[in-house]
Amino acid sequence: MTEHIYLDYNATSPLHPAAQEAMQNAFDAPSNPSSVHHHGRVARAKLEKAREQCATLLGGRARDITFTSGGTEANNMVLAGYQHVICSEIEHDAVLAACPDADQIKTLPNGVIDLSDLAAKLARITPEQSADTVVSVMAANNETGAIQPIAQIAMLCREAGVKFHSDMVQILGKKPLNVIELGVDYASFSAHKIGGPSGVGAVYSAGALRPTPLIKGGGQEQGSRSGTENFLGIIGFGEAAKAAVDGALHFEQLEIWRNEAEQRLVSACPEIEVIAQDADRLGNTSALYLPHITSEMAVMSLDLKGFSISAGAACSSGKMKPSHVISAMGMADKAGHVIRISSGWKTQANDMLRLAEQIIEMYKHSQAG
Ligand code: PLP
């Protein structure tokens, strides 16, 4: 039987062998980085090396990185520090559920946030409110891959005297990144999207800023995140970050393969629409509208053909709900017919084209039926 091809990297990535090896090598030693004896010091050195490796990938200072249990906790820690939140409509639930009363920025039809709407919202903030306000906009959307104008948002926020947080879970490892140059105050990251293990992530907070501790106790991570560190997970995160830096060229190749597959699809079936096509997109992501076929049906039949892809965002309950992202782009009527394909470090030449041929076959079959 041929191998089932995994093309759902925006949901999670297979563990990178470098991360696996580093974690396996660290299994045997007792590793509490807070202990002052030999074993503790060795663990501390490994933990700080991982922090440096992550800092290199995200383009920030190691001391500004706090390890967390994942992207969800990182987002929650930042947002917990502010009374007033302005966020985009297309944020992940890890932001939306953390600030249910947020003022939401409108989305343009191409999946990019409406900067004029953000500017109007910022203009309404009073000087008293500004110190307690944060804007939260993701760097790239998990469903469409649409990249958001982070540097421009950072500038608008600076001018308005408010802080800016960006959920950078999806862009990490897929595009060169420099949080300092972008001018963000806070950013969130997750290991399992880049070939690290799940259950570990990080929050970046610039300079003197600190994320709000949600878990109180022994004061690890400079008092921001108590509890003995997830040592093995952090080691794996660090090695996955290094592998992402070393594998940057592969991500450029993914964009070429994605574009070839999209061109093949649209030329064979012109009714198929590439979502957010007019936006700058992550090179690994393709969201496709397939008229006549529901997302669930498409995911199931492609699964039978040997491809793991997704219907928009993965949902913890396993049930599909219409995508709030596609709806925010003014395409609520299409939301039930969208599939998401996302490639990554293990994707090989032809994986995308082979999937495209299966989609064409499925699509033509559905029209004939
Ligand atoms: N933010 C975005 C944009 C995501 O895609 C995800 C994961 O799906 C998260 C946050 C949550 O990250 P984690 O699974 O590490 O909690």
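**View 1. The shell of residues around the ligand.** In this predicted model, the ligand is surrounded by 13 residues, of which Thr72, Asp167, Gln170, Ser190 and Lys193 are the closest. By residue class, the shell holds 9 polar, 2 charged and 2 nonpolar residues. The element that gives the most to this shell is helix α3, spanning residues 71-79, which supplies 3 residues.

View 2. A nitrogen atom of the ligand is placed 2.6 Å from an N or O atom in the side chain of Asp167, while an oxygen atom of the ligand is found 2.6 Å from an N or O atom in the side chain of Thr72. For the side chain of His92, the corresponding separation between an N or O atom and an oxygen atom of the ligand is 3.2 Å. Taken alone, the ligand would expose 400 Å², and the protein buries 85% of that area.

**View 3. The seven-stranded open sheet.** The order of the 7 strands in this open sheet is β2-β8-β7-β6-β5-β3-β4, with mixed pairing. Strands β2 (65-68) and β4 (103-105) stand at the edges and have a single partner strand each, so that one side of each is left without a neighbour in the sheet. From one strand to the next, the twist averages 20 degrees.

**View 4. The parallel pair β6 and β7, with the helices on the sheet.** Strand β6 (residues 163-167) and strand β7 (residues 186-190) run parallel and are joined by 3 bridges; Ser166 has Ala187 in β7 as its bridge partner. Helix α3 lies across β2, β3 (84-88), β5 (133-136), β6, β7 and β8 (201-205), and runs at about 165 degrees to β7. Helix α5, made up of residues 115-123, also packs on the sheet, where it touches β3, β4 and β5, and its direction makes about 150 degrees with that of β4.

View 5. Another open sheet is formed by 3 strands in the order β9-β10-β12, with antiparallel pairing. Strand β10 (residues 285-289) is joined to β12 by 5 bridges, the two running antiparallel, and Ala287 has Arg340 in β12 as its bridge partner. Helix α10, which covers residues 248-268, lies across β9 and β10 and runs at about 15 degrees to β10.

Definitions and conventions
Residues are numbered from 1 along each chain as its sequence is written. This is a predicted model: local features need pLDDT of at least 70, side-chain atom pairs count only at pLDDT 80 or more; totals for chains, interfaces and linings use all residues. Side-chain values use heavy atoms; hydrogens and water are left out. A residue is near a molecule or strand if one of its heavy atoms lies within 4 Å of it. A polar contact is a pair of N or O atoms within 3.5 Å; within protein, one must be able to donate a hydrogen and the other to accept it, and residues adjacent in sequence count only if both atoms are side-chain atoms. Accessible areas come from the Shrake-Rupley method with a 1.4 Å probe; for residues, only the protein chains shown count as cover. Helices (H or I, at least four residues) and strands (E, at least two) are DSSP runs, numbered from the N terminus. Ala, Val, Leu, Ile, Met, Phe, Trp, Tyr, Cys and Pro count as nonpolar, Asp, Glu, Lys and Arg as charged, and the others, Gly among them, as polar. Two strands pair if DSSP finds at least two bridges between them. Axes are lines fitted to C-alpha atoms, for helices over the stretch in contact, and angles run from 0 to 180 degrees between N-to-C directions. Contact means heavy atoms within 4.5 Å.
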